[in-house]
Amino acid sequence: MSCTCDKMPGNDNLIEAYPEKRAELEAYINSLPLSDSPDRNRGFLIQSLHKAQGVFGYLPGCVQLYVADKLKLHLSEVYGVISFYSFFTEKPMGRYKINVCTGTACFVKGANKIVDEFKRFLNIQEGETTSDGKFSLGALRCVGACSLAPVVMVNERVYGNVTAKLVPEILNDCAE
Amino acid sequence: MVNLKINDMPVSVDDGVTILEAAQKLGIKIPTLCHIKLDCFHVEHRCGSCRICVVEVAGRPNLAPACCTPVLEGMDVKTNTLRAINARRTMLDLLLSDHPKDCLTCAKNLDCQLQKLAQEMNLHQVLYKGEQSTYNKDLSSQAIARDLDKCIMCRRCETACNVVQTVGVLSGVDRGFEAVVAPAGYKPLNQTQCVFCGQCVLACPVGALTEVSYKYDVWKALNDETKTVVVQTAPAVRAALGEEFGIAPGSITTGKMVTALRMMGFDKVFDTDFAADLTIMEETTELIGRVKEGKNLPILTSCCPGWVKFLEHQFPDLIYMPSTAKSPQQMFGAIAKNYYAQKLGIKPEDMVVVSVMPCLAKKYEAAREEFSHNGNRDVDIVISTRELADMIKEAGIIFNNLEDSKYDDPLGESTGAAVIFGATGGVLEAALRTAADWIAGTDVQEIDFEAVRGLEGIKEATVNVAGLELKAAVCSGLGNARKLLERIKNGEAQYHAIEIMACPGGCLNGGGQPYYDGDTTILEKRKEALYRDDKDQKIRKSHLNPSIQKLYKEFLGEPGSHLAHELLHTKYTPRKNW
Ligand code: SF4
Ligand code: SF4
Ligand code: SF4
Ligand code: FES
């Protein structure tokens with residue numbers, strides 16, 4: 001039977017394309033005290049997905065299916081978890097992940113304008129990645145830095161008191 | 001034992017029992033919505049999501065959900081304090097604020113638990129107004145329609161699909177207001193491993209999961225002068241149809257049903273039971289052949305399209321195991337179009353074959369490519385037991401007052417062996433009856449194989465069939481099928497023959513049967529009705545059906561003949577397991 005994972009949403013067959021990455025994920029999952037019972041393995045799902053995203057960068061259908069098979073869980077359950085936690089992503093992310101906080105404080109202080117400005121500069125929508133793979137744009141709910149509102153995070157770096165004018169500067173900071 | 005009081009009435013119950021069950025013991029009804037318990041299959045869905053069942057427990061600051069709160073010694077529960085009543089109403093009100101409320105045109109109208117609650121709880125206006133979730137309807141399959149605007153997130157369907165059936169199609173995805181139950185990646189059902197058993201439809205309390213309806217197609221065919229329209233009715237339909245008309249569960253209404261179908265305008269009213277007898281002829285021939293050769297064992301039954309699709313997805317390496325015999329529905333279609341049409345002197349394309357089935361997977365089965373020849377399907381339209389009841393009502397036929405009448409000949413003649421196809425264990429028992437006669441070469445008198453009867457999920461028996469020891473198993477519900485198949489795969493169990501039905505309890509609990517909302521005593525009654533009907537038949541062995549004997553003499557030759565293979569057998573396709 002040939003693999004039909006290409007029919008899965010947002011899919012690239014990373015499992016076959018990167019055998020060394022697959023091996024890394026496999027070694028990790030094999031090191032977990034898994035059993036034959038899905039009920040017990042369920043407890044290891046999130047950390048397995050965490051690892052998988054760390055290894056592959058994102059979680060397309062084939063990776064989901066791979067984790068599901070290893071843990072003897074249904075694909076639907078794995079997908080349910082991925083869609084629940086905003087940390088997990090099914091699409092490849094840019095090298096610079098720009099996240100604009102849209103929590104209450106930032107929202108009140110004009111976070112939307114900042115999001116719009118990033119969209120205009122990068123020519124992408126929220127949740128998308130630029131075609132060169134450099135930037136992706138997303139929104140976050142409160143990063144706990146309300147006193148600095150509005151806040152933008154680029155990877156691990158936090159920018160506070162951001163205005164639309166500062167957007168080009170932030171992008172300039174993202175040197176290759 | 002735990003002693004407590006509910007509404008000041010003392011009651012003693014076992015440890016671990018919930019407030020809901022303790023109240024039931026006292027005859028006190030606490031409203032529920034997300035909770036469902038299927039006693040005879042030992043399944044309980046207790047997700048506690050709806051909070052409709054809240055009650056007041058003395059000394060506790062918060063109301064307690066009765067369906068998932070275990071009783072404690074000395075508990076003092078009040079089910080109808082003002083606080084509890086108001087909280088329930090608020091819950092319901094909030095649920096309704098995000099519900100389309102188009103009951104008048106909903107497929108579950110009058111069968112909906114949410115509607116019933118609104119009525120029982122005397123909710124006469126919806127106070128909260130707000131955003132309503134909207135999703136695209138999923139009408140991708142021939143069998144199951146998903147309209148998630150109506151979903152109340154009770155997640156009963158998840159338990160049906162993932163826990164009972166272990167098919168694993170449905171899961172809660174996304175969160176907050178966006179949360180909904182869907183297949184992975186929001187794929188349409190026809191692109192998943194869904195087997196269309198419809199157990200999720202039976203579980204869904206509202207109109208979010210329903211069948212794809214073909215009632216109008218039937219009316220169109222009946223009004224087409226150029227077509228000869230014949231209908232077949234499956235065994236389990238006669239044991240449940242009456243429920244839709246307020247007739248006591250467990251009543252056999254074959255006679256009234258046949259009269260109603262004639263009044264609706266079908267040219268011929270036939271019985272799938274005839275084809276069930278035919279299935280036994282082919283399947284038993286294959287069974288005896290395989291047992292004698294000791295090859296490709298065990299033989300698995302192939303009557304249930306839900307089970308067949310499950311095997312194709314989940315155990316693709318075992319697809320050599322099922323009998324190649326088509327299901328009775330498909331055999332009927334093939335014989336109607338290739339034999340009976342000839343007898344009538346009409347072209348197969350001028351005949352429309354309609355099936356009335358307890359099943360939603362049959363809608364999918366009839367549309368499978370294998371079952372078409374030159375663009376002409378063996379079975380053209382499939383409606384469920386519920387749809388037939390709807391049509392009878394629409395036609396203004398007063399079902400309860402109808403006289404009984406008999407099926408037409410020749411495809412209406414059948415035996416007791418065929419009737420029990422509708423219950424788990426029935427197909428195997430029917431095959432054993434015929435096998436016993438064929439192996440012994442006599443008319444064997446012991447034909448009641450009690451060991452394979454009953455609604456339990458897995459039954460095993462070593463039966464002596466005319467001196468031959470046959471190890472057999474019967475299994476219903478796909479979770480049980482999975483367990484059994486794993487054991488076979490690992491070499492832990494050996495059998496000669498196994499009957500598998502996708503629906504727990506068999507077709508009497510099919511996805512197209514009248515809704516019973518967790519009252520599994522109704523299933524017991526349907527089962528008893530079918531075995532009673534078997535007992536009442538003059539002929540109780542498939543191979544003694546005179547019309548079947550004639551069909552072989554006139555047309556097919558021997559069971560397993562070349563022509564029989566061409567018309568009555570099929571093949572299976574491995575599929576991905578998601
Ligand atoms: S029809 Fe059966 S297999 Fe399909 S989603 Fe419903 S319960 Fe699952
Ligand atoms: S589809 Fe039906 S059964 Fe499933 S969660 Fe929604 S309302 Fe409940
Ligand atoms: S058990 Fe019967 S009703 Fe259920 S899917 Fe199979 S054939 Fe259909
Ligand atoms: S019925 Fe108890 S929480 Fe839904």
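Modeller: Happy to! Of the 578 residues of chain B, 61% count as buried, where buried means under 20% relative accessible area, exposed means over 50%, and partly exposed is in between (1.4 Å probe, protein chains only). The model is predicted, so local features need pLDDT of at least 70 and side-chain atom pairs count only at pLDDT 80 or more, while totals for chains, interfaces and linings use all residues. Residues are numbered from 1 along each chain as its sequence is written, chains are lettered from A and ligands numbered from 1 in the order in which they are written, and side-chain values use heavy atoms, with hydrogens and water left out.

Chain B has 18 helices and 21 strands; these are DSSP runs numbered from the N terminus, helices being H or I with at least four residues and strands E with at least two. The radius of gyration of chain B is 25 Å, close to the 25 Å given by the globule rule for 578 residues, so chain B is as compact as a globular protein of that length. That radius is taken over C-alpha atoms, and the rule is 2.2 Å times the number of residues to the power 0.38. The C-alpha trace spans about 80 × 55 × 50 Å along its principal axes.

Now for the spaces themselves. The structure holds ten cavities of 30 Å³ or more. On a 1 Å grid over the protein atoms alone, a cavity is a set of points where a 1.4 Å probe fits but cannot get out, and lining residues have an atom within 4 Å of a point. Grid points are joined across faces, edges and corners, and a volume is the space filled by probe spheres set on the points.

The largest cavity has a volume of about 250 Å³. Its lining counts 25 residues, and C303(B), P358(B), K362(B), F421(B) and C507(B) are the closest to its centre. Helices α8 (272-293), α9 (305-314), α10 (328-344) and α11 (361-367) of chain B each supply at least two lining residues. By class, this lining has 18 nonpolar, six polar and one charged residues; Ala, Val, Leu, Ile, Met, Phe, Trp, Tyr, Cys and Pro count as nonpolar, Asp, Glu, Lys and Arg as charged, and the others, Gly among them, as polar.

The largest cavity is the space taken by ligand 3, since a molecule sits in a cavity if more than half of its atoms lie within 2 Å of its grid points. Residues around ligand 3 include C304(B), C359(B), K362(B), C503(B) and C507(B), where near means a heavy atom within 4 Å. The shell around ligand 3 divides into eight nonpolar, one polar and one charged residues.

The second largest cavity has a volume of about 180 Å³. It is lined by 19 residues, and I36(B), L38(B), A160(B), Q199(B) and A203(B) lie nearest its centre. The largest share of this lining, four residues, comes from α4(B). Ten of the lining residues are nonpolar, five polar and four charged.

That helix deserves a look of its own. α4 (residues 156-164) of chain B is mostly covered, with eight of its nine residues buried; among them are C157(B), A160(B) and C161(B). After α4(B) comes T166(B), whose phi is positive, near 50°.

Technical notes. 1 Å grid on protein atoms, 1.4 Å probe; cavity = no way out; pocket = protein on both sides within 12 Å on 5 of 7 lines; lining within 4 Å.
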